[in-house]
Amino acid sequence: MPMRPALVRRTALAASAVCLALLATACGGSDPDGGSDKGGDGTKAGKADEKAAAQPAVKAKTAAELDELALAEGDVKDHEIQKVGAGEAPDSGDIKVDKAGCEPLAHAMTGVRVGEPAATAQRGVSQKAKKPAEPSLDELAEMTEEEIAEAFIGALDMTMTTVSLSSYDGAGAEQALADLRTAATDCGGGFTSTAPRDKRKVTGITEEKVTGGEESAAWTLTTDMEGDVVSVKLAVVRQGGTLASFVSLNLASASGKKDYPLPTAVIDAQLAKLG
């Protein structure tokens, strides 16, 4: 069945502004001591507390510092990168969620900051099309309806990612990631998120594997947009007091026929700049 033109327009518009995304459970970020040592002799916990007390408090990066660390054109092969201005991204007040506990995920999946970072920076990263542009009118005239649908899906086979860097004081980045994990667990039954000109219902959450940083988590979020199934990828990586989130949408996946991988090239390039 051909992709409906309304869905193409709606999906492309949402992706070009601040890509979609959803939820699940986390991976990465294990305890190097193998657990909380409940019932132990207390020595390990005492040493951990002393170590934490000896470490200087984490100081958030400034917006200017994040802007220097954010991806720039040429950093990722076969991708175009653009800066997302402050007025181009939605604000937390624009997002309405039917379940309060799901708010962190609803924010993350729309490129909105999670928690209270001191500074943020965003980039829009678009993969270059893998196939030639849409067929000509003469070519369309000789194609079946199914071939036309496949041709348009092929032309849309590119992944668009919103990369957000958020920097926090103290343990803010750790708390933000913990809140996302909690929301992913508690909201596994689904929730509805409403933004201006965009309403989506999360109907499924699948954990994905992502590595890097000090902690990492990733999910595939299945959404229902007015009856159309759209998969969104969300990956989050913490490096010190900075949280890097990657919200991705492949336009061809809006047909419901195609899955796609996490944007590992984009993630790796951004983590390399974070150091």
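This is a predicted model: local features need pLDDT of at least 70, side-chain atom pairs count only at pLDDT 80 or more; totals for chains, interfaces and linings use all residues.

Residues are numbered from 1 along each chain as its sequence is written, and side-chain values use heavy atoms, with hydrogens and water left out.

**Exercise 1. Find the salt-bridge partner of Lys-83 and say where the two residues lie.**

Step 1: The partner is Asp-67, with the closest N and O atoms 3.5 Å apart (a salt bridge is a side-chain nitrogen of Lys or Arg within 4 Å of a carboxyl oxygen of Asp or Glu).
Step 2: Lys-83 sits in strand E1 (residues 79-83) and Asp-67 in helix H3 (residues 63-69), so this pair links distant parts of the chain, 16 residues apart (helices, H or I with at least four residues, and strands, E with at least two, are DSSP runs numbered from the N terminus).
Step 3: Asp-67 is partly exposed, at 28% relative accessible area.

**Exercise 2. Work out which parts of the chain Asp-259 and Lys-233 tie together.**

Step 1: The two residues form a salt bridge whose closest N and O atoms are 3.2 Å apart.
Step 2: Asp-259 belongs to the loop between strand E9 (242-250) and helix H8 (264-274), while Lys-233 is in strand E8, so the pair ties together parts that are 26 residues apart in sequence.
Step 3: Compare the accessibilities: Asp-259 is exposed at 53%, whereas Lys-233 is buried at 1%.

**Exercise 3. Describe how strand E6 pairs with strands E5 and E7.**

Step 1: E5 (residues 191-195) and E6 (residues 198-208) run antiparallel and are joined by five bridges (two strands pair if DSSP finds at least two bridges between them).
Step 2: Within this pairing, Phe-191 stands opposite Val-202.
Step 3: The hairpin of E5 and E6 has two residues between the strands, and Arg-197 there takes a positive phi near 65°.
Step 4: Seven bridges pair E6 with E7 (residues 215-225), again in the antiparallel sense.
Step 5: Glu-207 has Trp-219 in E7 as its bridge partner.
Step 6: Six residues lie between the strands in the hairpin of E6 and E7, where Gly-212 takes a positive phi near 125°.

Terms used: Buried means under 20% relative accessible area, exposed over 50%, partly exposed in between (1.4 Å probe, protein chains only).
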